[in-house]
Amino acid sequence: MKKIILIVLFCLCQYVSAEEALRLGILAFRPKEQALLQWQPFATYLQNTIGKPISLQIYNYPEFTQAVANHEVDIILTNPGHYIVLKNKFKLSAPLVTQITQKDHFTLTQFAGVIFTRHDSPILTLHDIEYKQIAVTNTNSLGGYQMQAYELANSGIAPHDTRLVITGMPHDKVIEAVLSHKADVGFVRTNVLEDMIHEGKLALSDIKIINEQTDQKFPFIHSTKLYPEWPLVVVPNFDEHIARDLTVALLALPSQSEAATRAHIHGFTVPADYKGVEDALRTLRVPPFEKAPNFTLADFWSRYSNYITGILSIFLVFLMSIGVLSNELLNWSVENVI
């Protein structure tokens, strides 16, 4: 009887523990199994530091969005573009922190997009890409599509003029699609090429970088401007006291700990400004800005009031000038008649 009671109590404890676990969701841009091994020590660090059980889940884009919609996630670590979508759709709060990435001996708070083709391809510039087949993981991917599409748009090339080959996650599939001639060009986020070269899955001589940028503060291959690294955010109605403890734990994460080194991060810093990301999404008219905004008379007046006032002033001066001229002509006519 005593054994049965102990078993029941153990099961109840396990149930309560599972119910109270904070659910940490992370977007995977490399294979899920790899991402799970990469981030598990980080989840364990948070659990030990804040004294709350942490349940780690690795998602792709559709799965992550659905999990947030179903209230199956409490803590979110995703790319900035996906964060903007989730923020607008599910009223997420401002980020608690921004990730600092660790690559070799570099610490980075920004990342970018890469545009590449096969080494023997005739494609040399952004304008050569127009109407070519482009491999991308997903059009919701900031580093895997939107950064590059924004670069094309700024060069006068409409992204919809291209033919997209959607590979799905991870980014490795994009590289495979280009090398196997299923696409002419590929879009991936920074560090993917370097990681695959390091893993022996790719040789730099196999590919050619399009629109390559140079930046002394950012030493990795990239074709676009730089954008802030991933934000970590909590869902609405998240306990404020736990959020405070969580923020302290994130900022205090030791850069040399297993949690950091396995995740390839240096730690976290204060939240970055993600307005540049939002501007890019607005320009591309991609979610959450795919619909044209309502444009009211108040908006019209707010935007064009200076022009309207100026035109009305000129028109008023013109009418007054005509009135003065008419009076002078009338007086002249009367004087001549007399």
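Me: Which definition does a salt bridge follow here, and which residue meets lysine 103 in one?
Reply: A salt bridge is a side-chain nitrogen of Lys or Arg within 4 Å of a carboxyl oxygen of Asp or Glu. This is a predicted model, in which local features need pLDDT of at least 70 and side-chain atom pairs count only at pLDDT 80 or more, while totals for chains, interfaces and linings use all residues. Residues are numbered from 1 along each chain as its sequence is written, and side-chain values use heavy atoms, with hydrogens and water left out. At 2.5 Å, N to O, the partner of lysine 103 is aspartate 195.

Me: How many residues apart are lysine 103 and aspartate 195?
Reply: Helices (H or I, at least four residues) and strands (E, at least two) are DSSP runs, numbered from the N terminus. Lysine 103 belongs to strand β4 (residues 97–103) and aspartate 195 to helix α7 (residues 192–198); the pair links distant parts of the chain, and the separation is 92 residues.

Me: Is lysine 103 buried or exposed?
Reply: Buried means under 20% relative accessible area, exposed over 50%, and partly exposed in between (1.4 Å probe, protein chains only). The relative accessibility of lysine 103 is 13%. Lysine 103 therefore counts as buried.

Me: Which helices does the salt bridge between lysine 87 and glutamate 278 tie together?
Reply: The two side chains meet at 3.6 Å, N to O. Lysine 87 is partly exposed at 26% relative accessible area, whereas glutamate 278 is buried at 18%. Lys87 and Glu278 are also linked with Arg282 in a network of salt bridges. Because the partners lie 191 residues apart in sequence, the pair ties together parts in α4 (residues 80–90) and α10 (residues 275–284).
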